[in-house]
Amino acid sequence: TTGGYWQSLGHILKKDTNFRWFILVRILAQLGTMGFSFYTVYAVRYYGIGEGTAGVLTAVLTIMQTAFNPIMGWLGDRWSHRGVMSIGLLAATASTILAWLSPGVGWFYLVFALAGIANVAVWTIAMAMTLEYGTEAERPAYIGLANTLVAPTAFLIPLFGGWLADTAGFQATFITSALGGIITFFVLLLFLK
């Protein structure tokens with residue numbers, strides 16, 4: 001019944017502490033990658049890049065995501081999804097710190113490359129990690145909870161980043177994003193089993 005299904009979702013959240021930490025990591029990871037949404041606008045406004053350079057930077061991001069999806073998936077399957085996700089969070093943090101401290105547009109090729117690696121870890125590897133929770137019968141509920149509970153922050157945190165960029169500047173958005181990446185990294189290492 002529908003009532004029984006909703007009760008089972010509540011039961012999962014109540015009994016599975018590690019899953020709650022996993023959800024928190026996924027939510028915090030949205031903060032750690034928040035700065036990515038503003039890289040192109042920042043590069044256009046502060047370095048005056050043209051459409052061609054913006055297209056190349058976007059291509060770097062896409063190529064890195066495409067290349068690192070199978071690499072990080074393979075590494076996660078053979079080593080540790082948690083470990084691969086931690087590497088991605090370090091890449092996210094490095095990306096936003098470089099965007100913040102970048103002395104010129106040339107650095108943005110590395111900024112976008114690291115963002116591509118981080119996107120794989122935060123989205124693709126996190127989806128694979130979701131499959132590690134619960135029994136075969138419970139797995140659809142875990143997947144539904146993981147996606148549903150993270151969705152609002154995936155929408156709201158970039159809005160917060162935009163508000164921060166408008167009121168305090170892009171640097172504030174990048175600093176906040178870097179701090180989010182660092183916090184997420186430590187929560188992942190210290191609390192998620």
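Which residues is Y109 in contact with, leaving aside its neighbours within four places in sequence? Select Y109 and look around: the answer is T53, V56, L57 and V60, where contact means heavy atoms within 4.5 Å.

Before moving on, a word on what you have open: this is a predicted model, where local features need pLDDT of at least 70, side-chain atom pairs count only at pLDDT 80 or more, and totals for chains, interfaces and linings use all residues. Residues are numbered from 1 along each chain as its sequence is written, and side-chain values use heavy atoms, with hydrogens and water left out.

**Stop 1: Y109**

Stay with Y109, which sits in helix α6. Helices here are DSSP runs (H or I, at least four residues), numbered from the N terminus. Y109 is partly exposed, with a relative accessible area of 35%; buried means under 20%, exposed over 50%, and partly exposed in between (1.4 Å probe, protein chains only).

**Stop 2: F108 and the core**

Click on F108. Skipping neighbours within four places in sequence, F108 is in contact with Y39, Y42, Y47, L57, A99 and S102. F108 also belongs to the largest nonpolar core, which has 53 residues; F19, F22, Y39 and F108 touch the most other members. Such a core is a set of buried Ala, Val, Leu, Ile, Met, Phe, Trp, Tyr and Cys residues joined through side-chain atoms within 4.5 Å. The elements giving two or more residues to this core include α1 (2-15), α2 (17-32) and α3 (39-47). Helix α6 supplies the largest share, 14 residues.

**Stop 3: N119**

Still in helix α6, pick N119. Is N119 buried or exposed? N119 counts as buried, at 17% relative accessibility. Show side chains, and you'll find a polar contact between those of N119 and Q65, at 2.8 Å. (A polar contact is a pair of N or O atoms within 3.5 Å; within protein, one must be able to donate a hydrogen and the other to accept it, and residues adjacent in sequence count only if both atoms are side-chain atoms.) Not counting residues up to four places away in sequence, N119 touches F36, L61, Q65 and T124.

**Stop 4: α4 against α5**

Two packed helices are described by the angle between their axes and the distance between the axes. Select residues 51-78 for α4 and 81-101 for α5: they pack at an angle of about 140°, with axes 7 Å apart. Axes are lines fitted to C-alpha atoms, for helices over the stretch in contact, and angles run from 0 to 180 degrees between N-to-C directions. The two helices are therefore oblique to each other; angles under 35 degrees count as roughly parallel, over 145 as roughly antiparallel, 65 to 115 as roughly perpendicular and the rest as oblique. Highlight M72, L75, G76 and D77 of α4 with H81, V84 and G88 of α5 to see the contact.

**Stop 5: α7 against α8**

Next, bring up α7 and α8, whose axes come within 6 Å and cross at roughly 135°. This pair is therefore oblique too. Here F160, G161, L164, A165 and A168 in α7 meet F170, A172, T173 and T176 in α8.

In helix α7, find T148. T148 is exposed, with a relative accessible area of 56%. A polar atom of the T148 side chain lies 2.7 Å from the backbone oxygen of G144. Finish at Y46 in helix α3, which counts as exposed at 52% relative accessibility. Y46 and G104 are 58 residues apart in sequence and 9.2 Å apart in space, C-alpha to C-alpha.
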